[in-house]
Amino acid sequence: MDSNITPRKLTTPELTRLYMVRDSFVLTHFNIVLATSQQRFSNLIIKSVLNNEGETYAAEFSRQSGKTEALVCTVLFLAMYYGSIINFFSLPNTGFFNIGI
């Protein structure tokens with residue numbers, strides 16, 4: 001890829017749409033609704049992965065508030081749908097999930 005070309009990034013409306021798909025995925029497969037704090041944490045991860053930002057985040061929630069639950073749901077969502085998402089939105093395949101499920 002030419003170093004002068006900026007890779008496409010997802011827009012805020014596109015990300016919002018994906019967050020809604022994530023919420024539906026979590027409800028369908030785990031029968032839970034993520035709390036607002038869990039959604040915000042998950043949103044940061046999804047945005048960073050799909051826009052190839054490589055950010056690192058620390059989650060500081062109180063005990064038993066769902067840090068691991070949010071992380072696991074997010075990772076499963078990305079593992080299941082990463083390939084479909086990058087194809088649908090014409091994003092570059094960065095190689096995070098080469099094989100997929």
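Modeller: The structure holds five aromatic pairs; rings of Phe, Tyr and Trp (its six-membered ring) pair if their centres lie within 6.5 Å. This is a predicted model, where local features need pLDDT of at least 70, side-chain atom pairs count only at pLDDT 80 or more, and totals for chains, interfaces and linings use all residues. Residues are numbered from 1 along each chain as its sequence is written, and side-chain values use heavy atoms, with hydrogens and water left out.

Biologist: What makes the pair of Phe25 and Phe30 edge-to-face?

Modeller: Their planes are 75° apart, with 6.1 Å centre to centre. Planes under 30 degrees apart count as stacked, over 60 as edge-to-face and the rest as tilted, so this pair is edge-to-face.

Biologist: Why are H1 and H3 called oblique to each other?

Modeller: The axes of H1 (residues 12-30) and H3 cross at roughly 135°. Axes are lines fitted to C-alpha atoms, for helices over the stretch in contact, and angles run from 0 to 180 degrees between N-to-C directions. Angles under 35 degrees count as roughly parallel, over 145 as roughly antiparallel, 65 to 115 as roughly perpendicular and the rest as oblique. H1 and H3 are therefore oblique.

Biologist: How do you know that Thr74 is buried?

Modeller: Thr74, in helix H3 (residues 67-88), has a relative accessible area of 0%, so Thr74 is buried.

Note on methods: Helix = DSSP H or I, 4+ residues; strand = E, 2+ residues; numbered from the N terminus. Buried < 20%, exposed > 50% of the residue type's maximum accessible area, 1.4 Å probe, protein only.
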